[in-house]
Amino acid sequence: MSTEVTLAYVDAFLPEDEPLVAARRNAAEVGGAAPVGPVTGAALRFAAAAIGARAVVEIGTGCGTSGLWLLRGMRPGGVLTSVDVEPEHQRLARGVFVEAGFPAGRYRLISGRALEVLPRLADGAYDLVFCDADPQEYPEYLAGALRLLRAGGVVIFDNALLRGRVADLTCDDIDAVAVRELCEQVRMDERLVPLLLPADDGLLAAVKQAG
């Protein structure tokens, strides 16, 4: 069986409903807010559910695709804090959250640069941090995430392979170099239990251990 057939089967394993379809449609229409793939979305929901997440930070709201997956994995009453530089993208995300039945108290959307917003969030108060924004800032997001996460919390980075550019050590474009640096930091940090998966365009995840 071909790899393409296998990947199509995996993508279709958990069909997306109308709010998720609407989020993808909005992203295609406005541009500049590439949504996570279905496999990545399912992985986010799984991670949030596995650790019983009540408080999650998302860097890169986009048009709400990843936020919906995260909200669906979190505990009832949990709050998603999502940061993005594009207010219009967040307006569209809010619409799909409402369509999916999530009340306003389940999420707070903060407009601004992540590196300016993260320092305002409380230390050790979050269960999961998901990063899907500027790859050049990923190493700095990691530092912020480790401060925000409780022991046992999880940090996840999307686009950790950049269409093969990260694995190609001869590729020295600025995004690939930054993500490669991030991967090495996560791999070598004794506080972390790391995982790199080839799902969609790559998922890098790590558990923050106690101590």
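Two strands count as paired if DSSP finds at least two bridges between them. With that in hand, V56 has L128 as its bridge partner in strand 4. Keep in mind that this is a predicted model.

- Seven strands make up an open sheet, in the order 3-2-1-4-5-7-6, and the pairing is mixed.
- At the edges sit strand 3 (107–111) and strand 6 (192–197), each of them pairing on one side only.
- From one strand to the next, the twist averages 15 degrees.
- As background, strands of a sheet pair through backbone hydrogen bonds, either parallel or antiparallel.

- Strand 1 (residues 55–59) is largely enclosed by the rest of the structure, because five of its five residues are buried.
- Side chains in a regular strand alternate between the two faces of the sheet.
- Here, A55, V57 and I59 point one way while V56 and E58 point the other way, and all are buried.
- Strand 2 (residues 79–84) pairs with strand 1 in the parallel sense, over five bridges.
- Along that pairing, I59 stands opposite V83, and E58 is opposite S82.
- Strand 4 (residues 126–131) also runs parallel to strand 1, and four bridges join the two.

**Helix 4 and T65**
- T65 belongs to helix 4.
- Is T65 buried or exposed? Its relative accessibility is 3%, so T65 counts as buried, the cut-off being under 20%.
- Apart from neighbours within four places in sequence, T65 is in contact with L20, A23, R24, P35 and V36.

**Helix 2 and helix 5**
- Helix 2 (residues 18–30) packs against helix 5 (residues 87–99) at an angle of about 165 degrees, and their axes are 9 Å apart.
- Angles over 145 degrees count as roughly antiparallel, and the two helices are therefore roughly antiparallel to each other.
- The crossing of helix 2 past helix 5 is right-handed.
- Which residues meet where these helices pack? From helix 2 come E18, P19, A22, A23, N26 and V30, and from helix 5 come H89, L92, V96 and E99.
- Helix 5 also lies across strand 2 and strand 3, running at about 170 degrees to strand 3.

Terms used
Residues numbered from 1 in each chain as written. Predicted model: local features only at pLDDT ≥ 70, side-chain atom pairs only at ≥ 80, totals over all residues. Heavy atoms only, no water. Buried < 20%, exposed > 50% of the residue type's maximum accessible area, 1.4 Å probe, protein only. Axes fitted to C-alpha atoms, helices over the stretch in contact; angles between N-to-C directions. Parallel < 35°, antiparallel > 145°, perpendicular 65-115°, else oblique. Left-handed = near helix turned anticlockwise from the far one by under 90°. Contact = heavy atoms within 4.5 Å.
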